[in-house]
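Take a look at the structure shown here. This report goes through it part by part, from single residues to the ligand site.

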Amino acid sequence: MDKILVGLKRVVDYNVRVRVRSDGSGVETDGVKMSINPFDEIALEEALRIKERGDASEVIVVSIGGNDSQQQLRTGLAMGADRAILVDSGETRDPLTYARVFLALIERENPGLVILGKQAIDDDNSQTGQMLAALWDRPQATFASKLEVNGDKATVTREVDVGLEIVEIDLPAVVTVDLRMNEPRYVKLPDIMKAKKKPLDTIDIAELNIEQAPAIKEVNFEPPSDREKGVLVDDVAGLVAALKDKGLL
Amino acid sequence: MPKVLIVAEHADGKANPSTAKCVACASAIPDAEIHVVVLSDDSENVANELATLAGVARVIRVDNSQNSNTIAAVQAPQVVAVTDGYSHVFGPSTTFGKDLMPRVAALLGVNQVSDIMEVLGSHSFKRPVYAGNAVVTVETPSDSIVVATVRVASYRSAPNDGDATIDAVTIDAELPVHTRFLELQAGSADRPDLQTAATVVSGGRALGSTESFDLIYKLADALGAGVGASRAAVDAGYVPNEMQVGQTGKIIAPDLYIAIGISGAIQHLTGIKDAGTIVAINKDGEAPIFEVADIGLVGDLFTIVPELQDAVS
Ligand SMILES: Cc1cc2nc3c(=O)[nH]c(=O)nc-3n(C[C@H](O)[C@H](O)[C@H](O)COP(=O)(O)OP(=O)(O)OC[C@H]3O[C@@H](n4cnc5c(N)ncnc54)[C@H](O)[C@@H]3O)c2cc1C
């Protein structure tokens, strides 16, 4: 296969304790560490491994969002991607638009595979990959923990509620990855230097003539309801007594 | 009047409990008429079972030999073909629904509302974001169809005292053959299902090995409980992936959850927030799990768990 397209979303780092703004307008992002969505990093690692095995010739990383997403694309280039595309989407941030943007890029680049994370850890939507596959009218293999490319087909192991499901898909296709697919490599300093010379193109979303998706309005954010702090017991006897007290034993 | 179509989840001729939970969620929409669609190669038993769900007016059977396995690319066009006249299409936020529903939404040209945890009105819902660190109220446009998944842990199953009509429809859409099911490696079904069990015992990284995880199974069996695990325990290979509880595993709401040797990372906690009572057993009194536990016991699990097993046997 010629090319693999990988999506890299800029999100609040998974180690950050997210706080809701007091006016309910969203969560606090000022001064907060931002990173590549962890699932997307795994997607990129998988694409790089496919290329290193000789099953693909180019890995292109794509981010849709604001200019600040360049940072995540540079990290992707340092990991080993060949080039990067930033689609500046202004305020528009919804999965259907993301899927339509990817479709427009697919028409330009003709990839054999699009690998995305199974969800982004900010909005936890888990929609973009499935939507892209629908619009592209191609196979989707979601929640993948193993991906083997064999010519114009791939065998994918999916993590599903009852266990593991194995499917065969024709390429091109969309694969969304789960956590156990691989462990992403660390970026080394020389790679960061090299990445500065790799191409990063910015496209304004208006150039892609994307149809506007009916937006879902986020009207208010609130913290989740807290659980009350409980009691400590001293030993197993105390635990059993406490459970009996609650009618649970 | 809102008209809700629910896409049924089922396997081996039986409905998955997630469908009854979707019905409960849809019932929270004022004046909603609720229908359920069953895509199968032989839907008769599942349709009969679902027709008893309180609140369901009609069950639609779509039989097709290509539905013998649940392949989203095959099922999505069939769902879309029966959505005419509906204001809402719901599916469960299990791996079945998460795979299928966004594909349906895209074909219908709308964004999806993922993981409804509360219905505020026909076009207004609450859903968790940021691993459950925030809850957002969303409003969907009133002039387009609502496609959503239901966070099943937020709902109790609709009761079984209903009596819906059942009809069969045939759909002549050309269905793709580019995705082929090869194999399902299902875990053992000896224990209560993690997603519906009243009691769940979970083990974490502290167990240290597959052999030691036996302690968790033994305690669970003494309690008649389902068994779960943290991601660290799954990643380390102590237990299979279907046992993972949390943001990227299963979201569960048992009456009693016992977390053993689990630190309580936010990604884990989001999977158990709705549990009735949380018990934590951990040797580190400062572990974050104690911030959410109703009952905590600080100590070494390797001495506590066998003692507890004896005490409850
Ligand atoms: C994108 C993303 C998604 C994630 N999704 C999930 C998810 O769905 N589910 C999930 O669980 N995690 C998830 N994680 C991982 C999560 O952040 C934690 O790393 C994980 O939950 C830790 O597992 P643990 O509590 O078993 O291990 P640890 O954090 O290592 O905790 C082990 C605990 O055992 C205690 N202990 C050790 N020895 C003993 C003993 N002898 N007796 C008693 N206690 C002992 C220790 O004090 C410690 O608290 C995710 C992470 C990311 C980045």
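Thr97(A) sits in helix 3 of chain A, which runs over residues 95-109. This is a predicted model. Is Thr97(A) buried or exposed? Thr97(A) has a relative accessibility of 4%. Buried means under 20% relative accessible area, so Thr97(A) counts as buried. The side chain of Thr97(A) has a partner: a polar contact of 2.8 Å joins it to the side chain of Asp94(A).

## Chain A as a whole

Now step back to the chain. Chain A holds six helices and 13 strands. Its C-alpha trace spans about 65 × 45 × 40 Å along the principal axes. Chain A has 249 residues, and buried residues make up 57% of them.

One strand residue gives a view of how the chain folds back. Asp88(A) belongs to strand 5 of chain A, residues 83-88. Its relative accessible area is 25%, so Asp88(A) is partly exposed. Asp88(A) and Ile64(A) are 24 residues apart along the chain. Their C-alpha atoms are separated by 6.0 Å.

## Salt bridges

How many salt bridges are there over all chains? The count comes to 29. One of them pairs Arg158(A) with Glu165(A). The closest N and O atoms of Arg158(A) and Glu165(A) are 2.7 Å apart. Both of these residues are buried.

Chain A also has a network of salt bridges. It links Lys3(A), Glu58(A), Arg83(A) and Glu109(A).

## A bridge between the chains

Another salt bridge joins Arg180(A) to Asp235(B), with the closest N and O atoms 2.8 Å apart. This pair crosses between chains. On the chain A side, Arg180(A) is in the loop between strand 10 (173-177) and helix 5 (189-195). On the chain B side, Asp235(B) is in helix 6, residues 231-235.

The side chains of Asp235(B) and Arg231(B) meet in a salt bridge of 2.8 Å, N to O. Both residues lie in helix 6 of chain B, four residues apart, about one turn of the helix. The spacing matters here. An α-helix has 3.6 residues a turn, so residues three or four places apart point the same way. Arg231(B) has 36% relative accessibility, so it counts as partly exposed.

## The ligand site

Which residues are closest to the ligand? They are Arg205(B), Ser230(B), Val245(B), Ser263(B) and Asn282(B). In total, 30 residues surround the ligand. These residues come from chains A and B, so the site is shared between chains. The space taken by the ligand is the second largest pocket. Several elements give two or more residues to the shell around the ligand. In chain A the element is helix 1 (38-52). In chain B they are helix 6, helix 7 (266-269) and helix 9 (301-312).

Next come some polar atoms around the ligand. An oxygen atom of the ligand is 2.9 Å from a polar backbone atom of Arg231(B). A nitrogen atom of the ligand is 2.8 Å from an N or O atom in the side chain of Thr248(B). A nitrogen atom of the ligand is also 3.1 Å from a polar backbone atom of Lys283(B). On its own, the ligand has 990 Å² of accessible area, and the protein covers 85% of it.

## Inside chain B

Helix 1 of chain B, residues 17-27, is mostly covered. Nine of its 11 residues are buried. Among them are Ser18(B), Thr19(B), Lys21(B), Cys22(B) and Val23(B).

Finally, turn to Val279(B). It lies in strand 17 of chain B, residues 277-282. Its relative accessibility is 0%, so Val279(B) counts as buried. Val279(B) and Gln195(B) are 84 residues apart along the chain, and their C-alpha atoms are separated by 18 Å.

Note on methods: Residues are numbered from 1 along each chain as its sequence is written. Chains are lettered from A and ligands numbered from 1 in the order in which they are written. This is a predicted model: local features need pLDDT of at least 70, side-chain atom pairs count only at pLDDT 80 or more; totals for chains, interfaces and linings use all residues. Side-chain values use heavy atoms; hydrogens and water are left out. A salt bridge is a side-chain nitrogen of Lys or Arg within 4 Å of a carboxyl oxygen of Asp or Glu. Buried means under 20% relative accessible area, exposed over 50%, partly exposed in between (1.4 Å probe, protein chains only). A residue is near a molecule or strand if one of its heavy atoms lies within 4 Å of it. A polar contact is a pair of N or O atoms within 3.5 Å; within protein, one must be able to donate a hydrogen and the other to accept it, and residues adjacent in sequence count only if both atoms are side-chain atoms. Accessible areas come from the Shrake-Rupley method with a 1.4 Å probe; for residues, only the protein chains shown count as cover. On a 1 Å grid over the protein atoms alone, a cavity is a set of points where a 1.4 Å probe fits but cannot get out, and a pocket is an open set with protein on both sides within 12 Å along at least five of seven lines; lining residues have an atom within 4 Å of a point. A molecule sits in a cavity or pocket if more than half of its atoms lie within 2 Å of its grid points.
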